[in-house]
Amino acid sequence: MKRVDDFRLKFGKKELVPIIVGGMGVDISTAELALEAARLGGIGHLSDAMVPDVSDRRFNTKFVKDKTRFFKHNIDNSDKSIIKFDLGVLAEATRRHVESTMQAKRGEGLIFVNCMEKLTMNAPRETLTVRLASALDAGIDGITLSAGLHLGSFGLMADHPRFRDAKLGIIVSSLRALQLFLRKNAKLNRLPDYVIVEGPLAGGHLGFGMDWAQYDLATITTEVVRYLKTEQIDIPVIAAGGIFTGSDAVSFLETGSAAVQVATRFTVSNECGLPTKVKQEYFKASEDDIVVNTISPTGYPMRMLKNTPAIGAGVRPNCESYGYLLDGTGHCAYITAYNHEVALHPDAKIISVMDKTCLCTHMRNFNCWTCGSTTYRLKDTTKRKEDGSYQTLSAEHIFKDYQFSVNQKIALPG
Ligand SMILES: Cc1cc2nc3c(=O)[nH]c(=O)nc-3n(C[C@H](O)[C@H](O)[C@H](O)COP(=O)(O)O)c2cc1C
């Protein structure tokens, strides 16, 4: 009987344990978590979502405060078009986050940054260019392009000295999206180093419509593997979404995937950035508590716990401090939904906005409890303490459980 450790992900001469801990913004996949994955010989991810805020927490910078002060005069204005990011600050925040993590890296594994195209930041091209270049400058091992089609992102890095040496990969949810990417980037003469196929059971945003339940990861992965083989294109395929045990992972590794990307199991690790109380919510969840809805202003469906405080919260848009989802013309679907509610209830002190959520505010405050579809099984991965709470796990324990387990077994903590 095979286990994950019988396989290796190969990048040229480098061989890795084929386990990738996926990016989880905003700082849910912390540096500590990524460092553990790398130390154990796999791949960990930082997220580049809201990096100035992450820098403030990690390094005591005051980037968000400074931005808020600068745009304070605009707080009551529903027009957010003047709110721009200082590109120097963005570069500096990214550099700090990435550089300090890379300096702390031990072991044979790698650390990548998860870069979401949907963070359009009221200047999509300029801000993305800076985020990508700064991560490369700061020595990141690789970049995973996610949440969006990223058709032009390779082009934005093409002049960077590390364009051909850093590992660059993309996340897709269909063969069609991969084909489109390859076609659009053919002239750069640089293939992605890996392609992550993320199925409909993943956490965070989904690359599917609300008909996500009609799709399944094994089918899409097989299509992608077969296509690349037929075309004789040599790109490792990595399966992601709903892979809960080592045996689940082995079934993908035996059918052509070069590695798996996992996240949900690590949401209850000690190293994960979620607050302790929120980790308990993940443990407690039952299958009925997990929903996919359309409250994310990005337009993508998102999976989350249904008791997440972000649902229905009517906070004033916080674009003066954040503004990560402003689309380039100062618009965000939450602002529209919020203004609509305010117009309906002009005298109300507190309003509820059901259609959309202020994702920046709620992700920043860990009040949008996004999760994978297997979250309800987390309680089976640990022990319960006398006070009824669940014991969180070390990332090493979870990683090794994926690496060595057989027969769908899950090792409980000692
Ligand atoms: C809490 C949470 C946050 C996530 N945030 C992101 C993100 O910011 N960007 C991204 O590309 N994927 C995100 N994902 C998806 C994961 O990186 C990963 O591909 C997927 O969840 C793997 O499936 P699993 O959770 O069933 O193991 C997130 C997943 C979770 C559970």
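## A network of salt bridges

In this predicted model, salt bridges join Glu 36, Arg 39, Glu 396 and Lys 400 into a network. Let's look at one pair inside it: the side chains of Arg 39 and Glu 396 form a salt bridge, with N and O 3.1 Å apart. Arg 39 belongs to helix H1 (residues 31-39) and Glu 396 to helix H13 (residues 395-404), so this pair links distant parts of the chain, 357 residues apart.

## Salt bridges within a helix

The model has 18 salt bridges by the rule used here, and some are local. In one of them, Asp 66 pairs with Arg 69, and their closest N and O atoms are 3.7 Å apart. Both sit in helix H3 (residues 63-70), and because they are 3 residues apart, about one helical turn separates them. Asp 66 is partly exposed at 40%, while Arg 69 counts as exposed at 54%.

Helix H10 (residues 276-284) holds another pair, Lys 284 and Glu 281, also 3 residues apart, or about one helical turn. Their side chains meet in a salt bridge of 3.7 Å, N to O. Lys 284 is partly exposed, with a relative accessible area of 49%.

## The second largest pocket

By type, the lining divides into 11 nonpolar, 2 polar and 5 charged residues.

Which element gives the most to this lining? Helix H8 does, with 3 residues. Strand E1 (9-11) and helix H8 (217-230) each supply at least two.

How values were computed
Residues numbered from 1 in each chain as written. Predicted model: local features only at pLDDT ≥ 70, side-chain atom pairs only at ≥ 80, totals over all residues. Heavy atoms only, no water. Helix = DSSP H or I, 4+ residues; strand = E, 2+ residues; numbered from the N terminus. Nonpolar A, V, L, I, M, F, W, Y, C, P; charged D, E, K, R; others polar. Salt bridge = Lys/Arg side-chain N within 4 Å of Asp/Glu carboxyl O. Buried < 20%, exposed > 50% of the residue type's maximum accessible area, 1.4 Å probe, protein only.
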